[in-house]
Amino acid sequence: MSASVKSLLSTLTSRGPHRVLRGNLAIAGQPGVVFTPESGLNLPAVAFGHGWLTGAANYRGLLEHLASWGIVVAAPDTERGPIPSHLGLATDLLTTLDICTGVRLGDGAISVHPDRLALVGHGMGAGAAVIAATQRQVAAVAALFPAPTAPSAETLAPDLDTPALILAGATDLASVSSNAIPLATAWGGPSVFRAIDSASHNGIIEGRRVLAAVGAGKHESKTARTTRALLAGYLLATVTGDKTYRLFADPAADIPHTVVIDPEAKEETPAPKLKIGQLAGLLRR
């Protein structure tokens with residue numbers, strides 16, 4: 001592991017150099033929020049999809065963090081009920097990108113380049129981002145702790161050649177609430193699939209949430225910090241083309257607090273344990 005990777009990860013864990021502004025997407029007809037750098041033309045933009053029983057407010061720290069690194073981030077605040085429409089959220093993500101590219105933000109000092117767009121989501125929002133990516137060409141997709149959706153993201157993934165970052169929690173890779181492995185296995189384009197050490201799928205959710213009533217885990221500050229850094233580095237490398245952060249888009253890079261997962265690797269079958277009597281029999285042969 002090079003010192004430069006550690007240094008970059010530490011840098012990206014901290015807020016970026018830009019002062020952050022907050023706006024209301026509802027002014028443009030779409031319920032939600034938008035965070036931007038204070039100024040900048042032809043900026044990259046991200047549409048972010050929230051997880052089940054959460055809303056945009058539960059990701060404010062993550063959204064502000066990306067904006068501080070020069071990325072416009074907008075999050076629709078819809079489909080928040082117990083029976084959400086994943087297709088509906090995907091449609092709202094696309095509408096959100098249209099707003100970002102079609103409207104001068106702030107006092108007119110902020111604009112988005114139409115070729116520097118990404119779709120990002122958490123949980124069911126990750127699946128919605130994949131659904132949306134089948135309907136619009138973007139520079140990158142990031143699925144943070146993806147969860148099953150209808151239609152299933154893994155059935156759509158083989159037709160996507162878009163670069164993708166897929167993050168999962170090391171503690172719930174095999175959980176029924178995670179489809180990270182089948183999504184990464186099916187992805188048609190270049191992808192990076194990492195598991196974050198000791199992380200769970202709800203660890204990045206901030207503040208009070210309905211999920212607490214159904215036994216969801218608490219906010220994990222370490223998981224949140226690592227996720228922010230990995231996501232920021234990946235977007236800067238792929239969407240903006242900043243070579244400084246190219247290691248974050250490299251599936252072979254050794255990055256602290258994470259492990260690269262090969263979704264097609266077969267688990268080794270452990271050798272059967274022998275009982276004492278069997279071992280003695282073997283020794284007599």
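Me: At what angle do α3 and α4 pack?
Reply: Helix α3 (residues 86-102) packs against helix α4 (residues 124-133) at about 65 degrees, and their axes are 8 Å apart. Axes are lines fitted to C-alpha atoms, for helices over the stretch in contact, and angles run from 0 to 180 degrees between N-to-C directions. Helices (H or I, at least four residues) and strands (E, at least two) are DSSP runs, numbered from the N terminus.

Me: Which residues of α3 and α4 meet there?
Reply: From α3, H86, L87, L89, A90, L93 and L94; from α4, M124, G125, A128, A129, I131 and A132. Contact means heavy atoms within 4.5 Å.

Me: And how many of them are nonpolar, polar or charged?
Reply: This contact of α3 with α4 has 10 nonpolar residues, two polar and no charged. Ala, Val, Leu, Ile, Met, Phe, Trp, Tyr, Cys and Pro count as nonpolar, Asp, Glu, Lys and Arg as charged, and the others, Gly among them, as polar.

Me: Before I go on, what kind of model is this?
Reply: The model is predicted: local features need pLDDT of at least 70, side-chain atom pairs count only at pLDDT 80 or more, and totals for chains, interfaces and linings use all residues. Residues are numbered from 1 along each chain as its sequence is written, and side-chain values use heavy atoms, with hydrogens and water left out.

Me: OK, overall picture. How many helices and strands?
Reply: Eight helices and nine strands.

Me: What does β5 pair with?
Reply: β5 (residues 110-122) is parallel to β3 (residues 40-49), with seven bridges, and L43 has V112 as its bridge partner in β5. β5 also runs parallel to β6 (residues 140-144), with five bridges. There, L119 is opposite V141 and H122 is opposite L144.

Me: Now V34. Where is it, and what does it touch?
Reply: V34 is in strand β2. Not counting residues up to four places away in sequence, V34 touches L21, R22, G23, N24, L25, V72, V73 and A74.

Me: Why does V34 count as buried?
Reply: Because its relative accessibility is 9%.

Me: And D172, which loop is that in?
Reply: D172 is in the loop between β7 (164-169) and α6 (180-186). Leaving aside neighbours within four places in sequence, D172 is in contact with S178, A199, S200 and H201.

Me: Is D172 buried or exposed?
Reply: D172 is buried, with a relative accessible area of 7%.

Key
Buried means under 20% relative accessible area, exposed over 50%, partly exposed in between (1.4 Å probe, protein chains only). Two strands pair if DSSP finds at least two bridges between them.
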